[in-house]
Every structure is written in structure tokens, then in C-alpha cells.
Amino acid sequence: MADPSRADDYSAWYNDYERAIIRPGLIANAFRFENPNAAETASDPRYAAVYDIVSPEPASAWPDTENSPDYPRYLFDDPRSRLVVPTLRASYALTGSLEVDNDHRVLTGVHIILSDGATDIVRAQRAAAFLETGLFYGASRFRIIEGSPTPPEWLEIFETDVKEPLTAYARAFAARAPQPRGDGVRQRSSHSLALVAAHQS
């Protein structure tokens, strides 16, 4: 965010944008998360926006959305749009997911890991270990399609319903069984964030 003192203006504009982009038909859900304790730097961002794409061609889904006649270009005439300064923009394809067998969980936050190297199998094993702690109910793994600048190869999202989502990953990390070193994962960043907005089609 360009001006931290204008968080309310930022959020109001982003709410309008997220409600608008799910209309073209390829964006099924739009979620925005926040860590109010973040340093608000490229390596420690305050906000993260995640869009669920439903398309047999995920590589073209975002370009198709931006080129749709329904894409809300008019919102970028609003001066508040200049408060949005992405440090990373990327599209990822789902490679796998795990969920606990429990319906009606209410999302309160996520832990997002961006990394390079290793395999999907390594990440699936880590996800299973974190779900066993009971602090997360879902874990999804994605591989890069495109993005800028220099996006990480892998995106992992761990979903939680605990009341204090910003501490869930640290608690799960402390509770899980020790993992062997040298798994080949080169972590770029790891952030816990609380849900602040959800717009669904």
C-alpha cells in the first residue's frame, strides 16, 4: 500500500474492485488478507489478495479476465487506485490440496509460503504434517504460470479457522513432528495473515 495512513481508502477501493472482477466469469472468489503488524515492505507485506480461478485453461484465465468487456477499467480512474502498489503479481496452477474431514469451517486467516526447488511430494508431506496439528483445515499447493517480478516457483496456502490466525502457523510449527533437513525447498517468504474481505460468485 502506497500510503499506510489511508488504509480505509485502500480497503474501500479494493472492495469495489474485488466485487467487480468476479463478474467476468473466470474469477470465482476474491479474498483479501492482512497482517497489521507487518513492516509493509516487499519482503513483509501488509496485504495479500488471492483470487480463485475456475478455468480449464488457467494460463489464459487472468488475461481473459483483464481483456473482458466486463473488466472494471473505470475503477482505475479513481485516485484511490494508486494506493495499490503490488510487490508481487503472479498466476499459479493448482497441483494438489489436502483438507481435514470437517465441514462448515469458517476461514479466519491463512499462512502463505512462497518457495523454489524440491517437488510437489515434499510439499504434500509438509502440508499433511501441519494439518495433523489441528490448527489448519486446508492446504493447497500451486506451481507458477506467470508473474512479475521474478515470482517464486511454488505457492502454498494453509487455511485456518482459529480465533488468532496470525499465530496459527507458529503454533503448528512448534507442535508438528520434526522434519528432516535438506528437503530441497528454498523458501522465499512465509507470512501469516487474517481474513479482512471475501467476495464470492
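A residue counts as buried under 20% relative accessible area, as exposed over 50%, and as partly exposed in between. In this predicted model, Arg143 has a relative accessibility of 37%, so Arg143 is partly exposed. Glu153, with a relative accessible area of 21%, is also partly exposed. The side chains of Arg143 and Glu153 meet in a salt bridge, with 2.4 Å from N to O. Arg143 belongs to strand E5, whereas Glu153 sits in the loop between E5 and E6; the pair therefore ties together parts 10 residues apart in sequence.

Strands E5 (residues 138-148) and E6 (residues 154-160) are antiparallel partners, joined over 6 bridges. Gly138 has Glu159 in E6 as its bridge partner. Both strands belong to an open sheet of 7 strands, ordered E2-E1-E7-E4-E6-E5-E3, with antiparallel pairing. Strands E2 (47-53) and E3 (89-99) stand at the edges. Each has a single partner strand, so one side of each lacks a neighbour in the sheet. From one strand to the next, the twist averages 30°. Helix H2 (residues 58-66) packs on the sheet and touches E1 (27-34), E2, E3 and E5. The direction of H2 makes about 130° with that of E3.

The structure holds 14 salt bridges. One of them links Arg19 to Asp16, with the closest N and O atoms 2.8 Å apart. Both residues lie in helix H1 (residues 7-21), 3 residues apart, which is about one turn of the helix. Arg19 is partly exposed at 40% relative accessible area, and Asp16 is partly exposed at 29%. Another salt bridge joins Asp78 and Arg80, whose closest N and O atoms are 2.7 Å apart. Salt bridges with shared partners join Asp16, Arg19, Asp78 and Arg80 into one network.

Terms used
Residues numbered from 1 in each chain as written. Predicted model: local features only at pLDDT ≥ 70, side-chain atom pairs only at ≥ 80, totals over all residues. Heavy atoms only, no water. Pairing = 2+ DSSP bridges. Helix = DSSP H or I, 4+ residues; strand = E, 2+ residues; numbered from the N terminus. Axes fitted to C-alpha atoms, helices over the stretch in contact; angles between N-to-C directions. Contact = heavy atoms within 4.5 Å. Salt bridge = Lys/Arg side-chain N within 4 Å of Asp/Glu carboxyl O. Buried < 20%, exposed > 50% of the residue type's maximum accessible area, 1.4 Å probe, protein only.
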